[in-house]
Amino acid sequence: MAACLATSAAQSQQALVSVDLSDVSGQLAERNSLDESLMPLSMLVPADVASRVCGMPVGTLALTAAGCRASSSSVELDELVKERMKADEPPPALPASGLRPD
């Protein structure tokens, strides 16, 4: 029985929760020197991170299909947002070769 509970707890920590960032985007942008206009409006984060930034127990978040709204930030959320923004950046433009098409 204890093994089942431990497995269930581990699974809920691995679950992803949609977190609305609109209330904390300004502080995230300022603290991390990011362009707020380029920040995601929401993103999927691990349930334990969502629990901290939304102020809800992990078990509640795992069952909430609608996600939650962040009321604070955390170091983990900062890192996830920076990773997401870096992944969303367009690739650098290739230098012009100087060749003309025939």
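Predicted model: local features only at pLDDT ≥ 70, side-chain atom pairs only at ≥ 80, totals over all residues.
The strands of the model form an open sheet of three, in the order 2-1-3 and with mixed pairing. Strand 2 and strand 3 stand at the edges, and because each has a single partner strand, one side of each is left without a neighbour in the sheet. Strands of a sheet pair through backbone hydrogen bonds, and they may do so in either a parallel or an antiparallel sense. Here strand 1 pairs with strand 2, which spans residues 42-46, in the antiparallel sense over five bridges, and within this pairing Leu-16 has Pro-46 of strand 2 as its bridge partner. Strand 1 and strand 3, by contrast, run parallel and are joined by two bridges; on this side, Val-19 has Cys-68 of strand 3 as its bridge partner.

In a regular strand the side chains alternate between the two faces of the sheet. In strand 1, Val-17 and Val-19 make up a covered face, whereas Leu-16, Ser-18 and Asp-20 make up an uncovered one. Helix 3 lies across strand 1, strand 2 and strand 3, and it runs at about 120° to strand 2.

A search of the whole structure for disulfides finds one. The bond joins Cys-54 to Cys-68, with a distance from S to S of 2.0 Å, and it links distant parts of the chain, since Cys-54 belongs to helix 3 (residues 47-54) while Cys-68 belongs to strand 3 (residues 68-69), 14 residues apart. The torsion about the S-S bond of Cys-54 and Cys-68 is about 65°, and the disulfide is therefore right-handed. With buried residues taken as those under 20% relative accessible area, Cys-54 counts as buried at 11% relative accessibility, and Cys-68 likewise counts as buried at 10%.

Two serines, each placed in a loop, were then considered. Ser-22 is found in the loop between strand 1 (16-20) and helix 2 (25-32), where it is partly exposed, with a relative accessible area of 38%. When residues up to four places away in sequence are not counted, Ser-22 touches Leu-41 and Arg-69, and the side chains of Ser-22 and Arg-69 are joined by a polar contact of 3.2 Å. Ser-22 and Pro-40 are separated by 18 residues in sequence, and their C-alpha atoms are 8.7 Å apart in space.

Ser-74 is found in the loop between strand 3 and helix 5 (75-88). With a relative accessible area of 12%, Ser-74 is buried, and its side chain reaches the backbone nitrogen of Leu-77 at 3.1 Å. Ser-74 also touches Val-49 and Val-53, again not counting residues up to four places away in sequence.

Notes:
Residues numbered from 1 in each chain as written. Heavy atoms only, no water. Disulfide = S-S within 2.5 Å. Helix = DSSP H or I, 4+ residues; strand = E, 2+ residues; numbered from the N terminus. Buried < 20%, exposed > 50% of the residue type's maximum accessible area, 1.4 Å probe, protein only. Contact = heavy atoms within 4.5 Å. Polar contact = N/O pair within 3.5 Å; in protein donor to acceptor, adjacent residues only side chain to side chain. Pairing = 2+ DSSP bridges. Axes fitted to C-alpha atoms, helices over the stretch in contact; angles between N-to-C directions.
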